[in-house]
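The sequence and the structure are shown first, and the description follows.

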Amino acid sequence: MVRKLFGYSHIPQRWAALINAFNQQHLNPYINFHRPCFFPETHTDAKGKQRKLYPYENMMTPYDKLKSLPQAESYLKPGVTFEILDQLAYQISDNQAADQLQKARQRLFKTIHGRPPKTG
């Protein structure tokens with residue numbers, strides 16, 4: 001995900017603080033609350049070989065997966081509740097979050113390279 005977003009070209013170390021700020025403010029919330037992932041089911045066949053299957057029913061965001069776990073509240077930091085996280089997760093739609101991520105990425109690369117990044 002990181003290489004897809006930032007590309008393979010070298011980014012000088014002096015921009016590390018700016019990259020970290022981008023990751024904390026834009027990338028991490030997008031990945032955790034808006035980008036769906038497949039979660040595998042492991043099945044063991046008669047010979048004992050384990051195979052992972054990725055059914056569409058198990059496609060969800062990491063946040064939704066956390067909420068689906070038994071005793072999920074026990075994994076949260078003190079003072080953090082699902083009500084607080086729900087407000088973060090549902091304040092904008094998935095498409096709006098992706099659009100905001102791309103605009104922030106363009107601003108970041110314009111700052112670093114003085115031009116927008118090459119895509120595709």
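Predicted model: local features only at pLDDT ≥ 70, side-chain atom pairs only at ≥ 80, totals over all residues.

## Salt bridges

Side chains of opposite charge can pair when their charged atoms come close. The structure holds two salt bridges. In one of them, the side chains of D86 and K67 meet with an N to O distance of 3.1 Å. This pair links distant parts of the chain, since D86 belongs to helix 4 (residues 82–90) and K67 to helix 3 (residues 62–68), 19 residues apart. D86 counts as partly exposed because its relative accessibility is 23%.

A salt bridge also joins K103 and D99, whose closest N and O atoms are 3.2 Å apart. K103 and D99 are four residues apart in helix 5, so about one helical turn separates them. K103 is partly exposed at a relative accessible area of 45%, and D99 is partly exposed at 39%.

The accessibilities of the residues in these bridges are set out below.

| Residue | Relative accessible area | Class |
|---|---|---|
| D86 | 23% | partly exposed |
| K103 | 45% | partly exposed |
| D99 | 39% | partly exposed |

## Helix 5

How far does helix 5 reach from its first C-alpha to its last? The span is 28 Å for 20 residues, close to the 28 Å expected at 1.5 Å a residue. The buried residues of helix 5 are A97, L101, A104, R105, L108, F109 and I112. Viewed down the axis of helix 5, these buried residues fall within an arc of 135 degrees, so they line one face of the helix. On the other side of helix 5, the residues N95, R107 and K110 are exposed.

A98 also has its place in helix 5. A98 counts as partly exposed because its relative accessibility is 24%. Between A98 and F38 there are 18 Å in space, C-alpha to C-alpha, and 60 residues in sequence.

## Aromatic pairs

How many aromatic pairs does a search of the whole structure find? The search finds five. One of them is formed by F6 and F22, an edge-to-face pair with 5.8 Å centre to centre and 65 degrees between the planes. The pair links distant parts of the chain: F6 lies in helix 1 (residues 2–6) and F22 in helix 2 (residues 16–33), 16 residues apart. Both F6 and F22 are buried.

F6 also forms an aromatic pair with F109, and this pair is tilted, with 6.3 Å centre to centre and 35 degrees between the planes. Here, too, distant parts of the chain are linked, with F6 in helix 1 and F109 in helix 5 (residues 94–113), 103 residues apart. F109 is buried, as is F6. Through these ring pairs, F6, F22 and F109 are linked into a cluster. F109 is also one of the buried residues of helix 5.

## Surface and loops

Which residues form a nonpolar patch on the surface? The patch consists of F38, Y54, Y56 and M59, with about 460 Å² of accessible area together. Of these residues, Y56 is placed in the loop between strand 3 (50–53) and strand 4 (59–60). Y56 counts as exposed because its relative accessibility is 64%.

R51 lies in strand 3. The C-alpha atoms of R51 and E41 are separated by 8.2 Å, and the two residues are ten residues apart along the chain.

Q71 is found in the loop between helix 3 and helix 4. Although Q71 is not a glycine, it has a positive phi of about 55 degrees. At a relative accessibility of 65%, Q71 counts as exposed.

Methods:
Residues numbered from 1 in each chain as written. Heavy atoms only, no water. Phe/Tyr/Trp six-rings, centres within 6.5 Å; stacked < 30°, edge-to-face > 60°. Helix = DSSP H or I, 4+ residues; strand = E, 2+ residues; numbered from the N terminus. Buried < 20%, exposed > 50% of the residue type's maximum accessible area, 1.4 Å probe, protein only. Patch = residues over 30% accessible without salt bridge, like charges linked within 9 Å, V, L, I, M, F, W, Y side chains within 5 Å. Areas by Shrake-Rupley, 256 points an atom, 1.4 Å probe, with all protein chains shown as cover. Salt bridge = Lys/Arg side-chain N within 4 Å of Asp/Glu carboxyl O. Expected span 1.5 Å × (residues − 1). Arc of directions from axis to C-beta.
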